[in-house]
Amino acid sequence: MVLLQSLIGKGYYKGLAEIASNETISRASILRAGFELCDTIISASIMSVTGFAQDETQKIQSSIDELVDQMKERGYDITPYLDSPNFMLYPKIKKIFTTSPESVAFQQYNNCLKENKNEDGSINKVACKEEFDNAYQEYRTKLGLNLKIKAIKKFSEENQAALDLAEKTYGINKNVIAAIIGVETNFGDNIGHHYAFGVYASLYVFNHRQEFAIQQMEALMQISEQMNLEPTDFISSYGGAIGFGQFIPSSLRDYFVKDGKLDSMHDTIMSVGNYLKNKSKGDINEKILSYNKSVFYKEAVLELASTLD
């Protein structure tokens with residue numbers, strides 16, 4: 001019971017309090033409370049089933065306190081939102097990031113690039129074409145690109161007016177805009193199963209991209225004020241990307257159309273066009289890479305868009 005009570009701490013882990021009086025805790029009840037179990041469960045007792053040692057819970061508590069202080073320095077008190085039923089930490093957040101389709105495919109290709117350099121030390125991409133092609137095929141399979149190819153024509157037809165307007169307004173190929181939304185959320189069908197506030201809190205607490213996490217937490221507070229929503233209301237991907245277009249908070253703040261609504265596909269299409277026009281001044285390849293720096297992502301977007309040509 002001592003460890004479980006320490007996890008509840010100052011009220012940061014609302015949900016655990018509801019099961020604190022139980023003598024045994026099921027795997028499902030811990031997951032409902034927002035925790036993923038460690039791989040090893042020593043016994044069925046409350047203290048071990050959580051998977052956290054005493055010193056680990058103290059580190060988590062200390063990191064949350066640091067996060068609170070960091071946000072206070074930026075003018076935001078996030079303490080009330082730590083008691084929200086939507087707030088949860090994702091202990092495996094770093095593992096999810098490093099095992100994403102982009103990360104795995106890129107690592108395979110990158111290993112080849114490291115081993116194949118020209119005499120002047122420059123990268124020999126030609127020598128790694130086979131590795132690139134193999135890695136891309138694995139990436140597009142995990143992405144489910146063939147299913148997206150079947151769906152993009154219907155999406156384009158249903159949103160033709162908005163796509164035409166975005167192309168006319170921003171000078172961005174409408175097929176690329178449609179393809180980005182297809183790759184990001186399967187044309188709006190999958191916007192994620194996490195909460196952005198918890199994602200960025202977890203990135204900070206579990207020491208992965210902390211500076212980025214603080215920047216995005218601040219932007220999340222700003223857009224919550226603009227949209228008159230609670231910062232804990234934003235459903236996101238595992239990476240904290242929000243909406244049909246999967247904008248991280250800073251991009252949502254800077255490029256989503258004024259007074260736009262997250263559940264509006266029209267507003268999303270216009271916002272993707274706005275982002276691509278203004279985020280990068282390069283050609284369409286560089287603009288897509290500004291949305292996601294993965295070369296495999298770029299290839300998938302271009303392949304998907306080409307099916308509408």
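Student: Are Cys112 and Cys128 buried or exposed?

Tutor: Both Cys112 and Cys128 are buried. Buried means under 20% relative accessible area, exposed over 50%, partly exposed in between (1.4 Å probe, protein chains only). This is a predicted model: local features need pLDDT of at least 70, side-chain atom pairs count only at pLDDT 80 or more, and totals for chains, interfaces and linings use all residues. Residues are numbered from 1 along each chain as its sequence is written, and side-chain values use heavy atoms, without hydrogens or water.

Student: What makes Cys112 and Cys128 a disulfide?

Tutor: The S to S distance is 2.2 Å. A disulfide is a pair of cysteine sulfur atoms within 2.5 Å, so Cys112 and Cys128 qualify. The structure holds one disulfide.

Student: Why is the disulfide of Cys112 and Cys128 called left-handed?

Tutor: Because the torsion about its S-S bond is about -95 degrees.

Student: What parts does the pair tie together?

Tutor: Cys112 lies in helix 6 (residues 101–115), and Cys128 in the loop between helix 6 and helix 7 (129–143), so the joined parts are 16 residues apart in sequence. Helices are DSSP runs (H or I, at least four residues), numbered from the N terminus.

Student: Why is Ser251 called buried?

Tutor: Its relative accessible area is 8%, under the 20% limit, so Ser251 is buried. Ser251 sits in helix 13 (residues 249–255).

Student: What is Ser251 in contact with, leaving aside neighbours within four places in sequence?

Tutor: Phe256 and Tyr275. Contact means heavy atoms within 4.5 Å.

Methods:
Helices (H or I, at least four residues) and strands (E, at least two) are DSSP runs, numbered from the N terminus.
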